[in-house]
Amino acid sequence: MPPPRTRGTALRRQLAELRGPDVPAKALDARALAALAANPGCARRAILDGAGVDKTALASALGAPTAFGQSQFALTRGNAFEAKVKADGGAELLRLVHEKLDRSAEPPADARVPDLTATGPRGRTARTELELREATAHPGVWTLLDHPMLALDVAGSPAFLEPDAVVVHPDGGWTVVEIKSFPLLDGSADPAKVGAAARQAAVYVLALEEFAARLGAEPDAAPAPYVRHRVLLVCPRDFSNLPTASAVDIRKQRAVTARQLARLTRIEDIADALPEGICFSPERPAEELTAAVESVPAAYAPECLSACELAFHCRARSRQEGAVTTLGRPVRAELGGLTTVEDVLAAARGEAGDPGDPAVAALRRAAALRSEALEAACR
């Protein structure tokens, strides 16, 4: 078996070939990771994200484009709000952290805001880890890390993540800060948007925990730093541009995300099972590209429509095959071994299926009740 360094180099080369010659990798961010964790059985998304394929361009090349992402106006507004929150060395941001999460500590004054500039994601990650070590080794002061870079192992491949901010408390604890442009109206916000922000923050917390574990395992190291499971969500107050904040407990989202990421098949295992010479570059001919995408099994569900750029393509294929997954995961779970609509209808008519199967028995009972109801209506 080749050493880990050699295997890692070979895998990176293989993933680059899947992406296409001279095509830069698309970074795997926390939003994509949260969506991937929500559907860990989808090998198609896992390999495309692992290879850094631009799925938006790929979906367009397949003839099933999607309109993902924020508008330019929303991005500009969000960037302006974030700059306002972090102005004056992050004074307002640190005040909100102190007020919402750590009132027992001394108010933040003369906080450290280290420069995290470095070359490339690996360089920025190393710089962030160095500053986290420094801040944790010298407690008693507040430290604000503005757009740090974190690394998280995902199915055997590193993903580089960039939270809005990480705050190191005077007691050495670490807090993730998420800054969003949607408003908090009377102290509450859209639950769906808060949930999405919590799932993103959970990914950052997992990355921090991974580094904290390594830090605590070093020779002569102090106990591993405490990563707080209450994150700070900073949003505009009501209809103004004034920042306000809410503490969000993400323990549930963290546990679910960790469990789902652990279920992901290793990317190298998926890559090794692919046909020789396969490539997902959007520049390839449509027929060749479609065949390449279809060579990797997908696990489509209606929830993919709000999370994956390839959802329209996968939905169309799923409908062509008559897969019951198009009806939703709850229905799929109830139908057991019946995987296609044709199988379901045949079982309901009594033409196929084991009568002892609870799903088959329920379908036949439902078909009988429907037939009785129609006969009664025709009398």
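This is a predicted model: local features need pLDDT of at least 70, side-chain atom pairs count only at pLDDT 80 or more; totals for chains, interfaces and linings use all residues.
Me: What makes up the contact of α2 with α9, by class?
Reply: From α2 come L33, A37 and A38, which meet T257, Q260 and L261 of α9. Four of these residues are nonpolar, two are polar and none is charged.

Me: How do you know that the buried residues of α12 line one face of the helix?
Reply: In α12 (residues 311-320), the buried residues are A311, H313, C314 and S318. Looking down the axis of α12, they fall within an arc of 160°, so they line one face. R319 and Q320 are exposed on the face turned away from that buried side. The cover over the buried residues of α12 includes α3 (43-50) and α11 (286-294).

Me: What is the phi of G322, the residue after α12?
Reply: The phi of G322 is positive, near 70°.

Me: How do you know that the span of α7 is close to the expected one?
Reply: Helix α7 (residues 120-137) has 18 residues and reaches 26 Å from its first C-alpha to its last, and the expected value at 1.5 Å a residue is 26 Å.

Me: What puts the buried residues of α7 on the same side?
Reply: The buried residues of α7 are T125, T128, E129, E131, L132 and A135. They cover an arc of only 165° around the axis, which puts them on the same side of α7. R122 and A137 are exposed on the other side. The partners that the buried residues of α7 pack against include β1 (143-146), β5 (174-179) and α8 (191-217).

Me: What makes the phi of D88 worth a look?
Reply: Most residues other than glycine have a negative phi. D88 is not a glycine, yet its phi is positive, near 55°. D88 lies in helix α6 (residues 87-101).

Me: Why is D88 called exposed?
Reply: Exposed means over 50% relative accessible area. D88 has 73%, so D88 is exposed.

Conventions. Residues are numbered from 1 along each chain as its sequence is written. Side-chain values use heavy atoms; hydrogens and water are left out. Contact means heavy atoms within 4.5 Å. Helices (H or I, at least four residues) and strands (E, at least two) are DSSP runs, numbered from the N terminus. Ala, Val, Leu, Ile, Met, Phe, Trp, Tyr, Cys and Pro count as nonpolar, Asp, Glu, Lys and Arg as charged, and the others, Gly among them, as polar. Buried means under 20% relative accessible area, exposed over 50%, partly exposed in between (1.4 Å probe, protein chains only). The arc is that of the directions from the helix axis to the C-beta atoms. The expected span of a helix is 1.5 Å times one less than its number of residues.
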